[in-house]
Structure formats: structure tokens, C-alpha cells
Amino acid sequence: MAADVRSKQLLEQVQKVAPASSTVLIRGASGVGKNLLASIVHALGRNPDEPLIRFECAGLPAELIESELFGEEAGASGAEPRRGRLETAGKGTVVLDEVAALPMATQAKLLRAIEEKRVQRPGSSRFVEVGARIVALTSIDLERAVTRRTFREDLYYRLNVVPLLIPTLRERPADIRPLAEHFTTQLSNVHRKPRPEISGLALAALEQY
């Protein structure tokens, strides 16, 4: 019951904070629905018709990350001039998935972009105004990353203006039935077959698992 109350409180919190322009930090284990919650924050925000742009921070070299986020001027790395994700989003939302994976140098530039509402494209001496809302996602403990000096403390506080924590599925068993029904309906539609009913025994097994 307590977990069900937490889920309800989380959705109520999202409804309250989404219309603001504050940065949001969504925490939770892999697979709990952080990207979905980020989409809800955007949809309930001030500019739902503006772009919602996602960026995966892990698995890319530092120079490519900066090019993707901040853009690139003509002649930089031999590329044509192009806008980065922060600029392309306009007044919309940029979702930074696994933000802890950003290199320290990029973290410093992101901090400045949040504070000053402008970015400097690699290879350029001029600044470009940006107004996108930042929603950062993480599955690791950022406080511990700050302690280990792998994540900037000042950036952490800038991102953690509105903290949202998604409980794991085992902490919210009331969601298991609607999720199971959703996925069986989805698969039945794909395979053009009637949706099977989920028996009480099957549901109990799912909840115990």
C-alpha cells in the first residue's frame, strides 16, 4: 500500500512541477520508465508543442558528445555548420539519458549552458542563445559520483532542482496487472490474435516474482 501511495504522490508531483521551467532529475533503476516520465514532464510543461529531444550520454567519444549537444561551426572537424540538440530543441525539452556518463569537460560546458542560457559551438567564438528545459536521467547514485569526483557537484545541484524518484516494479505491485494486460494486448494486436486472459494464478506468480 505504501508503494502505491508513493506512485500516486510521484504523479501528483509531476503535475505540479511540469508547468515550471526548472531542470528535473529523474532517478531510478534501468527499465523503470524514466524516459516515459520525462515525456510526461514535457507533455504537461509550458511548451508541449515544442520539440522533445533525447540524447544518450553514454557510449560516445567526448568530441562527438559536444558536437551533438552544442553544435558545430563550419570548418570544425571538416563538418558543415549545424545546430546542437540544445539549440534544436528551441523552447522544448532535452532529455539527457544517463547524464553521469558525460565527460567532466562536457559537464562544465553543460553547467554554463544551464546557467547562462547560451552555448558556444565548438570551433566558434560566438554564443548562441538556448531556452530548452533540461531533464536528466540517471540509474546511478549521483551523490556518490560527486564524492568520487566523477561528477561535478555544482552541476548536480543545477540538475537536482526538481528530483523525481521512480520506485522499482517490485515496490509497486499494483502496476503489475495493468502492465501485463497492456503488453498482452500489444502483442495480440501485432500477431492478430485474441488477447489471452491472465488468470489469478498467473497474476499471483508475476507478483511473487
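A salt bridge is a side-chain nitrogen of Lys or Arg within 4 Å of a carboxyl oxygen of Asp or Glu. I applied this rule to the model, which is a predicted one, and the count came to 11 salt bridges.

**Entry 1: Arg27 and Glu143**

I looked up Arg27 and found that it forms a salt bridge with Glu143. The closest N and O atoms of Arg27 and Glu143 are 3.1 Å apart. I then checked where the two partners sit: Arg27 is in strand E1, residues 24-27, and Glu143 is in helix H6, residues 142-147. The pair links distant parts of the chain, 116 residues apart.

Is Arg27 buried or exposed? Arg27 has a relative accessible area of 16%, and buried means under 20%, so Arg27 counts as buried. Glu143 is at 34% relative accessibility, and I noted it as partly exposed.

**Entry 2: Glu66 and Lys109**

Next I took Glu66, whose side chain meets that of Lys109 in a salt bridge, at 2.6 Å from N to O. Glu66 lies in helix H3 (residues 62-70) and Lys109 in helix H5 (residues 104-116), so this pair ties together parts that are 43 residues apart in sequence. For Glu66 I read a relative accessible area of 10%, which makes it buried. Lys109 is partly exposed, at 36% relative accessibility.

**Entry 3: a network**

I also found a group of three residues. Glu68, Arg82 and Arg85 are linked in a network of salt bridges.

**Entry 4: the largest pocket**

How much space lies in the largest pocket? I wrote down about 500 Å³. Its lining is made up of 21 residues, and those that lie nearest the centre are Val32, Leu36, Ile166, Arg172 and Asp175. I sorted the lining by class and got 13 nonpolar, five polar and three charged residues.

Which helix gives the most to this lining? Helix H1 does, with four residues. I listed the helices that each supply at least two residues of the lining: H1 (2-17), H2 (34-43) and H8 (176-191).

The side chains of Asp175 and Arg172 meet in a salt bridge, 2.9 Å from N to O. I checked both for accessibility. Arg172 is buried, at 11%, whereas Asp175 is partly exposed, with a relative accessible area of 26%.

**Entry 5: two serines in loops**

I looked up Ser21, which is found in the loop between H1 and E1. Ser21 counts as partly exposed, at 48% relative accessibility. Which residues is Ser21 in contact with, leaving aside its neighbours within four places in sequence? I found Arg46 and Arg133. Between Ser21 and Arg46 the C-alpha to C-alpha distance is 7.5 Å, and the two are 25 residues apart in sequence.

Then I turned to Ser30, in the loop between E1 and H2. Ser30 has 63% relative accessibility; exposed means over 50%, so Ser30 counts as exposed. Ser30 and Glu98 are 68 residues apart along the chain, and I noted 9.9 Å between their C-alpha atoms.

Definitions and conventions
Residues numbered from 1 in each chain as written. Predicted model: local features only at pLDDT ≥ 70, side-chain atom pairs only at ≥ 80, totals over all residues. Heavy atoms only, no water. 1 Å grid on protein atoms, 1.4 Å probe; cavity = no way out; pocket = protein on both sides within 12 Å on 5 of 7 lines; lining within 4 Å. Points joined across faces, edges and corners; volume = space filled by probe spheres on them. Nonpolar A, V, L, I, M, F, W, Y, C, P; charged D, E, K, R; others polar. Buried < 20%, exposed > 50% of the residue type's maximum accessible area, 1.4 Å probe, protein only. Contact = heavy atoms within 4.5 Å.
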